[in-house]
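Trainee: I would like to learn how to read this model, one feature at a time. Could you walk me through it?

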Amino acid sequence: MTLIGLGIFILRLLNGDSQLRTRRFALALTALLFTQPLLLSSFAEAGKMDIKTHTLVIDKLEKVLKDSPKKTEHNFSLILRVADLYSERARLRSIKEGDQDCKDACLGSNKDRRKAINHYRSLLTHVDGEIGATIIMQAAHLHQMLGEVNEAKRLYQGVLKEKSKRSSQIIGQAYAGLAGIQFMQSDFKQALKNYESALKQKDTQKKGFLVYRKAWCLLNTGKTTAAIRSLRGLLSNQNLLDVTDGDNFKTNKSFREDVSRDYASFLARKNLKQSDIDSLAELSPKSVFEQNLFYLGTEAERVGQHTAALMVWDRYLENKEISYIQRLEIQTRTSKILFDLNRKKKSLTAYKAALQMWKKNGCKDEVDCEGIYLKLRNFPIVWNKLEKKKPSSLVHASYLAFLDTFPKDFEMMNWAAQISRKQKKYLQSAKDYRAAGVIAKGFRKSKDEEKAKKASRIYDGALLAEIEMAEIAGNAHAKRSAYNYFLVEKPKGKKSDEIRYQLATLDYEEKKYQKAAFQFQKLAKNSLLDASVKIQAADLALDALAILKDHSRIESWGLEFASMFKAKAKTYKQIARKASINLVALGLNKNSSNSQLREMLKKLNSFKVSVLHKDEKLAYWKNRLLIAERLKDIKEIKRSSSGLLSLKDLSPKEKMWAQSLKVFSHEMLFEFKTAYDLAKKTKFPKLSQQQTTLKLAVLADLAGKTSEANAYYKTFIKKTRSYRQANTIRAQLIAKSRAPWKLINQDINKLSRTPDILAKVALESFGRFTNYTHAENVLRYRKVLKYPEGKTLRRFVFLKDYWKFDKRIRAHRISQRSNSRLQSDLKKRIALMAESETWASQATKSADWTLQLITLNRLQKEKKRFYNHLMRLRPPRGLSRAQRAEYKTLLAQQAKPYLDSSTAIALKVVEFWKNSKALDSLEQDYNKANHSVRSLVRDELVALRIRAPRTPKARINEILQNRPKDPRLKEIRQAYSQVKSQPFAIRPLKKLIDLEERRDQNPTMVAYLEQRKSDLKEVK
């Protein structure tokens, strides 16, 4: 019965009732077991099924097994069948696991083996004889597959203890199984005994494999001759090479090929003779003879049988059908074998022949060619290592032969150069190093990182080595060529400068003095060179200039060298110093660029002031100060002005000029106290008396000397003819005062001449000290209302009175307790609405968006409320139904205009809310306002938010939440530091002004910074 037939039979049985199904299935299994050999036949059948079919059958059988009676013959047969199926499914899964390269038996092969073992073990107490022994053998095999070697051994040994009860086949399998474990554990001596015991059993299966394993045991125990004899006998015995398939026999081709290949390996262990090669040819299958012969040759090489290897390769080359790649391989190997036999000339000839083959025909097989290439490349390398101390001409010839075929191998070229060097052929070595460097240069950016590193290393080394070889050779042409090539390749670095020194020396020796002088001058200033080399270069530079009689350069270079080399300074410092000062004076003209001015300053910095003469010091500091003033270098102005003022006998004009610039430097660096103290002693040549007074006032104010500052301010206000300047100062004094309204009222008529200043100072004062009376007094001057601050102030005053009215109209109620009370309330409400319209009209005239929104919003709501009141009035008593209806109609007619008006105003309010620019303006006012005014604007925004629809309300919330934060002290300090470092830059100054305005603590500083920004813009 086939497994397919069995499966159909099972499915039919499973469709019946459970008892019948169980009994019939057991009978079917019994029939199956008696009609086919135990275990082996079941595996043969199972092999025809795939994993899925195995799983289906196992599941069905396990279910039947669960329902079947325990401890019956039929039940045991069923268990045995299930165990066999698990075992076979484990084998199939294991194959698939290998294909998928998954670890830890990921498809469950080990679990299946474990289940199979459990089923087999459950039968051992119920079955005996050959079936029991067969089960034990199968279980041992599964334990072995699970890596449980000791358990497998125990089972095999258990079978062997009862040899008298077991068949020859079982005993043979037990010996073979035990020997297999010992073989894997490298216990070859014990394995050999058990393989021999297994082979003695008449019915032992697969004896050819056991003979094969026995041969390996003999080899591994040192019995090489016996091992060779064993394999030769195996290859000569067709019966051992055949495998049984029922009544048919067939040759295991793969097994025979493996044995023949191992036979070649065994032969290489002995002294090979021609008869051994003939024996291999006779016993190897034709399909693998060529491979076996090649393998024998490589093994002979590996174990050092060089003559035998040559004999094998001669036999191999007799085959005219071998490929070009194989012939190239053999030619390469032959050159190596001849070298090992110390036949070096013949070896080199064979090596060149192999290279010529490659050069002529190429090599396209990636794998084989890579191996051959490595052998060809290693040939001269190994030879060179053997003759390391004194390489022969043959070694060099081998490198040249390789490079003739592979000209891009920079490493081999480099080694060839090293050999020329050892042979003291220095000019040749220099040429070889140049070639190595040129080749290596092209591989420095190779994608192969290791190759790129090696190329860079050889490239760098070759450049230096070429120079060394040229210098040792003493050839001027070779040296110049090497020097110039190095500088082309590496123009920067300390070594490059050393090379330039050598080139300059060559120029000097060849009387090219001007070229040499400039080269030496550059080298003298080179910080990478050693001090002694730089001094020597400076001396040679001056020597060359002396020969050329170039005195102007001697003076300038002498000054440079004096500052660079103290040991040589006394020789030429005095002449160079005087010439330099005169050159600076000549260079101070209008056409001098900033870079030229900086260069002049750099020259002056090279002098030591203490050694200058009196007239030199005056010229020195004046030139420095002139340069610093032109460059706008504040620190240098500060330094140079101090230096000039330190001199005695300055003219009044010179002294006034130096003092004014020193004040300027301290002022630009925010050193106001020092600037103020100096300014009091200074007459500023470019300022009038009034401007000087104002400058002193500002400096005193910024220096914290309030009383002195106020005195200067008052003096300036009295003397200036400019109302704007005077009022600007008044505004600053008001901003700092604790009683600002008093000062405003005191000078309000004068302040009104500059309404923009009055509007701003009034709004700021209102924010600090809210006083509506004083604010209304300022608003009497109508020109104030032209400016945003005046409009904002008017809005605050307007809203103060309006909120009172708003509260009054919202609180009014209409009562119907009596006709007289009703009439009185209606008249009062109408009067309030008229007053509301008046407020709205005033707001409209002001063109103030906020006021219009607030007043119109209230007017709209009151008209709507009045309409609702009217519509809810009860009719008078005593009216008939018709009269009441007529009353309602008349009342509706009277009320409708209020509803229409409310609707129209509501539409207008909606249009107002759509004006996003108005909210933008409010946000700008809110962000720019100082602390006190900002709180008033905030109240205004809150009032608008209460009346706003959803979208504007969200915008107002965003404005309120994102109010400007006060700047941090660290941020302000950083801004001051940046302005100090860039005193003439506009952008840092703007940032500082913004921070000071937001801080709102020092209006004088803000005014000063604004003036400073204005002055900078004028200069630019």
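Trainee: Which residues form a negative surface patch?

Mentor: Asp365, Glu366, Asp368 and Glu370 form it. In a patch, each residue has over 30% relative accessible area and no salt bridge, with like charges joined within 9 Å and nonpolar side chains (Val, Leu, Ile, Met, Phe, Trp, Tyr) within 5 Å. A salt bridge is a side-chain nitrogen of Lys or Arg within 4 Å of a carboxyl oxygen of Asp or Glu. This is a predicted model, where local features need pLDDT of at least 70, side-chain atom pairs count only at pLDDT 80 or more, and totals for chains, interfaces and linings use all residues. Residues are numbered from 1 along each chain as its sequence is written, and side-chain values use heavy atoms, leaving out hydrogens and water.

Trainee: Where does Asp368 lie, and why is Asp368 called partly exposed?

Mentor: Asp368 belongs to helix α20, residues 366-386. Helices (H or I, at least four residues) and strands (E, at least two) are DSSP runs, numbered from the N terminus. Buried means under 20% relative accessible area, exposed means over 50%, and partly exposed is in between (1.4 Å probe, protein chains only). Asp368 has a relative accessible area of 40%, so Asp368 is partly exposed.

Trainee: Is Asp701 buried or exposed?

Mentor: Asp701 is buried because its relative accessible area is 12%. Asp701 sits in helix α36, residues 689-702. Setting aside residues up to four places away in sequence, Asp701 touches Ala709, Tyr713, Lys736 and Thr1004; contact means heavy atoms within 4.5 Å.

Trainee: Which residues is Val159 in contact with, beyond its neighbours within four places in sequence?

Mentor: They are Ile136, Met137, Arg166, Ile170 and Ala174.

Trainee: What is the phi of Ser186 and of Asp649?

Mentor: Phi of Ser186 is near 65°, a positive value in a residue other than glycine. Ser186 is in the loop between α9 (168-184) and α10 (188-200). Phi of Asp649 is also near 65°, and Asp649 is in the loop between α33 (634-645) and α34 (652-668). Asp649 counts as exposed because its relative accessibility is 66%.

Terms used: Areas by Shrake-Rupley, 256 points an atom, 1.4 Å probe, with all protein chains shown as cover. Lys, Arg positive; Asp, Glu negative; His and termini not counted. Charge placed at Lys NZ, Arg CZ, Asp CG, Glu CD.
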